[in-house]
Amino acid sequence: MYVGGAGIVSSLGSGLAATEKTLRENRSAIKPLELFSLLHGSPLPVGQAVGLDRPSSLPRTHWLAHLAAEQAMAGTSHPPDAIIIGTTTGGIATTEQLLRDHEDDKAPYRYHGLHTVAHSLAEELKCTGPLLTVSTACSSGVVAIAMAVAMLRSGRAVMVLVGGVDSLSRLTYFGFHSLQLVDRSGCKPLDRDRQGMAVAEGAGMLLLTTVKPENPIALLLGAGLSCDAYHPAAPHPEGQGAFMAMSAALADAGLRPEDIGYINLHGTGTPENDLAESKAVRRLFSVLPPLSSIKGASGHSLAASGAIEAVVSAIAVSRHVLPANTGLQNIDPLLGLTPLVQPVESSQNPARAVLSNSFGFGGNNGSLVLGAPGTFFFTRPCPPQRAGLAIHGYSCLTGAGDIVATMARIQAGESAAGMAESGTISKNLPPQLIRRLKRLPRITLALAVMAHNDAGIESRKPGAVFMGTGWGALSETHDFLTRLTASSEQFPSPTDFVGSVHNAPASQVAIMFGATGPNITASGGDYSFEQALLTADLSLQDSALPALLMAADEGHDTFSPLFDASIAPGAALADGGGAFCLDRKSENAKCCISIPFYRSCEADGVIAALRDSLGGTEELQRRCALVLAGIPAAMSGEGEKQLERFMALAQLTVPVLPYRKFTGEFASASAVATAFAASFLEIGVVPGALAGGSDIILGGGRNTILVLGFGQYVTAMELYRP
Amino acid sequence: MQQLIEELKVKLIDILNLQDVKPEDFDENAQLVGGELGIDSIDVLEMVVMVEKDYGIIINNQEVGEKVFSSLADLAAYIKENTTKASS
């Protein structure tokens, strides 16, 4: 891939030139917090972004993303084919203020969701292609870039805008403080006396393309992901996951350790991270290349950091400067590393390839390899067009209960909507394991266990986890902010903070199964399950261990009606989700699943394109037995028109099931609908009570069920018998 | 002292949500962190918050923390010692 454009806004400066200048000066931009006032004590050192001078009505995270995207897109007049964003904060900084003001009108909360960052960028840039929002804590930026690389290789896109962004917020400021991970004297990674990180903010954006631009800034050569499957917050003490991610990135790039001319370390400055990372680096590199962490200069901008450091790596290879390990005074001899104490002008001996690390909560690790333009060639052939993913087991949770209880209702034509019962979501889970877990991680773990059991492959544990959630862990987020306020900012809960990250549930699943492969959480509002399926399809190799694909959301009395546009104030809540144990081997599979379509409703001729992506009118008439249509209540007018138009254009007369009537309104309802479809395909019958007449027998070529999403985005998932 | 120990048992069961553990089963001399109860570093931080909130004692040093939380009896002793110091 070529890096055709890049943008960066951080404490180091706004733009590539300003950032390079700060790095060359070896200057720390970390200083006491100014963004919001505190009730107690002196402000801790943070990395506050500069360059946000123009006013904006958008939340700070969104605005940072827009500014960096504007820089990255400066050289092109075309909208990107897709936008992929890594973020953990979304609109939380704005939400915190609204909650403090006791705002109970839902309209001002419309930017709360993580997915709204990518949505607002798509609107601005007139991008009508797929959007993907990944949230894997501090590795989000790198995971987003890894997904962009996979999407470009798959041929789904030619040009992708990808990046990471997070703003300072009370949640992250007090959260990391409650974990005692903040160094009160600034941040000095790899130092003998390091005491932690400096929470920071910023945005990094890359315009990646498979078509060679006139002046590419750098090459994106490869990416590698892994999961420690060890602990919700602490890294694996031997850096096992870090080693795997770096090795995978090198293999993906087709390079050997000796090809790497500089390592941009994750180097947060916490005692544990730096020690674990140093062990992994020494294990992989017998001869250590020059290396440093820039976080002593920039602070740790969480989801943005991986993308910001990808931009810094691009600067390193294109501008021939290797940044220093700013803030370092006394090298920690236990690390066995010799970080750069001064920036190195490398034009005499330029680094041809650079490795950049990012690791996050939940043991979510990612590494990238970037190269100097003109140094490496892409020899990788395009992967063959893959069939869908093969489903071997599935589960769901609804207000009715597990898959058996749910399907009993559905077979009778009755709704299963409601809040999943607390006994059901904790059943079969060891009490000691779940004592700290609130509603969403329990739902997720229960779903995962049930789907894996249903696959009947006890001895083959899943290796990768792909999770979708519209709103993440609402209980933990709510309880953290409530206790923060109630204690006058003195006693925030470390447990709730660790649990509040969107990827906490998926990391619990990884720990339970020992799943050390890619662990990706996507958050795409009403299309979160679709986004998770997209990440699974982009990541899962033919030879890989089985994977778990899941989506879940929790109903929360306070937050659900405020955040989710489809949930009316005072309405009865519904929640739950669905999970699927799958691989790429369709023999003996219960059914297969693919996602052929994901586009904005604003795209020209979107419904005709949807029909064509599914094989066209004749093909649809021959194969399609049932349409499960997802129309979020907030988009009912527009969504019903889209559905009607699709049925007319495809000349389809098969039954249509508006599945939210049966699941209730919640963001990941399409995962439950997908479990319905898998169940119908397994038993071979769509019950007459749903089909509006007699039973529909699936078979004889008529064996495809469509799960369509309508509203702001138009999506199609196909389930079929192999 | 015994009263403080009993008080702490109830508090820890509550804040750490130690399911199926009753105060009478809680061995105050057993290894607290990394022992049978599955208490880890996040729980330690939660206990640090509790000790500061309820007893006004700040623990922000890892070495001290390791000593203080080695058992519930040690925690009680540390609280008692530091409360006495503060009031004397």
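Predicted model: local features only at pLDDT ≥ 70, side-chain atom pairs only at ≥ 80, totals over all residues.

Mentor: We begin with the words for the pieces of a chain: helices (H or I, at least four residues) and strands (E, at least two) are DSSP runs, numbered from the N terminus. Residues are numbered from 1 along each chain as its sequence is written, while chains are lettered from A and ligands numbered from 1 in the order in which they are written.

Trainee: Is A:Ser566 buried or exposed?

Mentor: A residue is buried if 20 or more other C-beta atoms lie within 10 Å of its own, exposed if 12 or fewer, and partly exposed in between, with the C-beta atoms placed from the backbone. A:Ser566 has 23 other C-beta atoms within 10 Å, and therefore counts as buried.

Trainee: Which residues does A:Ser566 touch, not counting residues up to four places away in sequence?

Mentor: Two residues are in contact if their C-beta atoms, placed from the backbone, lie within 7 Å. With residues up to four places away in sequence set aside, A:Ser566 touches A:Pro632, A:Ala633, A:Ala634 and A:Glu665. A:Arg156, by comparison, is 410 residues from A:Ser566 in sequence and 30 Å from it in space, C-alpha to C-alpha.

Trainee: How should I read the confidence of chain B?

Mentor: The score to look at is pLDDT, the predictor's confidence in each residue, from 0 to 100. Chain B has a mean pLDDT of 89, and 95% of its residues reach 70 or more. Within chain B, confidence is highest in helix H1 (residues 2–15), at a mean of 95, and lowest in helix H3 (residues 62–68), at 84. For the model, the scores are ipTM 0.91 and pTM 0.97.

Trainee: How many residues of chain B are in contact with chain A?

Mentor: On the side of chain B there are 12 such residues, and they meet 15 residues of chain A. To sort them by class, Ala, Val, Leu, Ile, Met, Phe, Trp, Tyr, Cys and Pro count as nonpolar, Asp, Glu, Lys and Arg as charged, and the others, Gly among them, as polar. The side of chain B that touches chain A then has 4 nonpolar, 5 polar and 3 charged residues.

Trainee: Which domains does chain A have?

Mentor: Domain bounds come from an automatic or database domain assignment, and for chain A this gives domain 1 (2–371) and domain 2 (389–720). The contact between them takes 48 residues from domain 1 and 48 residues from domain 2 of chain A. By class, the side of domain 1 that touches domain 2 has 26 nonpolar, 18 polar and 4 charged residues.

Trainee: How many residues of helix H4 of chain A are buried?

Mentor: Helix H4 of chain A is mostly covered, with 8 of its 11 residues buried. Among the elements that these buried residues pack against are H2 and strand S5 (82–87) of chain A.

Mentor: Most residues other than glycine have a negative phi. A:Asn428 is not a glycine, yet has a positive phi of about 70 degrees. This residue, A:Asn428, sits in the loop between helix H12 (422–426) and helix H13 (431–434) of chain A, and it counts as exposed, with 11 C-beta neighbours inside 10 Å.
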